[in-house]
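Trainee: I'm new to this one, so please take a close look at a single part with me. I'd like to go through the salt bridges, slowly and in plain words.

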Amino acid sequence: MQFKKLNNIIGWIVFAIATFTYVSTIEPTASFWDCGEYIACAYKLEVGHPPGAPFFLLVGRFFALMAGGDPAMAGKMINIMSALCSSFTILFLFWSITRIGLKAIVKKGEEFTSAKQWAVIGAGIVGGLAYTFSDSFWFSAVEGEVYAMSSFFTALVFWAILKWEEEDTTNPVGAMRWLVVIAYLMGLSIGVHLLNLLAIPAICF
């Protein structure tokens, strides 16, 4: 099987494992600290504490609508949103690891053997699932807080940086396209949490 196809299939399998894990262990309502505030603000489209998280609250409102008008279910639906954001984080983490592994293991001009393919895929599986079941990430994945969505944006931006880096230097339009996407995603992420600004040094590097 071609590496690209295998990489996509295994990535989605790791995503499915993470999604099942998080959705089956979500908080049924609001957990302690800021989660109750975020759920209430998303449900009523109100303003949260400074500096605010307008994009998070807008997406949270969309998921709260799936509760069918039942306020008791709104918290659960927003928690499911965090679970999905976290599993997509794992998906893009997997793809980022395999892209970096590909550059590290396969030198220019060398044959990309089946053993090397599985070494790269194995690195992605181990890295992705290790982060899936890590204590702090699992906790933020099952509650209505901004950290799950912020992690998703960080993983997505870092993956986009790797895609941008792979663009042919003779095609400036292709490279600029990825830079525009990265800038747009970082702009959206500021409406969730400022954590994604830490990706700027990676872009410069």
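Mentor: Let's settle one term before anything else: buried means under 20% relative accessible area, exposed means over 50%, and partly exposed is what lies in between (1.4 Å probe, protein chains only). Keep in mind that you're looking at a predicted model, where local features need pLDDT of at least 70 and side-chain atom pairs count only at pLDDT 80 or more, while totals for chains, interfaces and linings use all residues. Residues are numbered from 1 along each chain as its sequence is written, and side-chain values use heavy atoms, with hydrogens and water left out.

Now to your part. The structure holds 2 salt bridges (a side-chain nitrogen of Lys or Arg within 4 Å of a carboxyl oxygen of Asp or Glu). Start with E166, which pairs up with R99; their closest N and O atoms sit 2.5 Å apart. Helices here are DSSP runs (H or I, at least four residues), numbered from the N terminus. What about cover around E166? Its relative accessible area is 39%, so E166 counts as partly exposed.

Next, move to E165, whose salt-bridge partner is K103, with 3.4 Å between the closest N and O atoms. Again distant parts of the chain are linked: E165 is in helix α7 and K103 in helix α4, 62 residues apart. E165 is partly exposed because its relative accessibility is 45%. K103 lands in the partly exposed class too, because its value is 49%.

Have a look along α4 itself while you're there. Helix α4 has 35 residues and runs 52 Å from its first C-alpha to its last, close to the 51 Å expected at 1.5 Å a residue (the expected span is 1.5 Å times one less than the number of residues). At the start of α4, a side-chain oxygen of D70 comes to within 3.1 Å of the backbone nitrogen of A72.

For a bit of contrast, glance at another helix. G122 lies in helix α5 (residues 114-132) and is partly exposed because its relative accessibility is 25%. From G122 to A183 you'd go 61 residues in sequence and 31 Å in space, C-alpha to C-alpha. So, back to your part: what does the pair of E165 and K103 link? Distant parts of the chain, namely helix α7 and helix α4.

Note on methods. Helix = DSSP H or I, 4+ residues; strand = E, 2+ residues; numbered from the N terminus. Polar contact = N/O pair within 3.5 Å; in protein donor to acceptor, adjacent residues only side chain to side chain.
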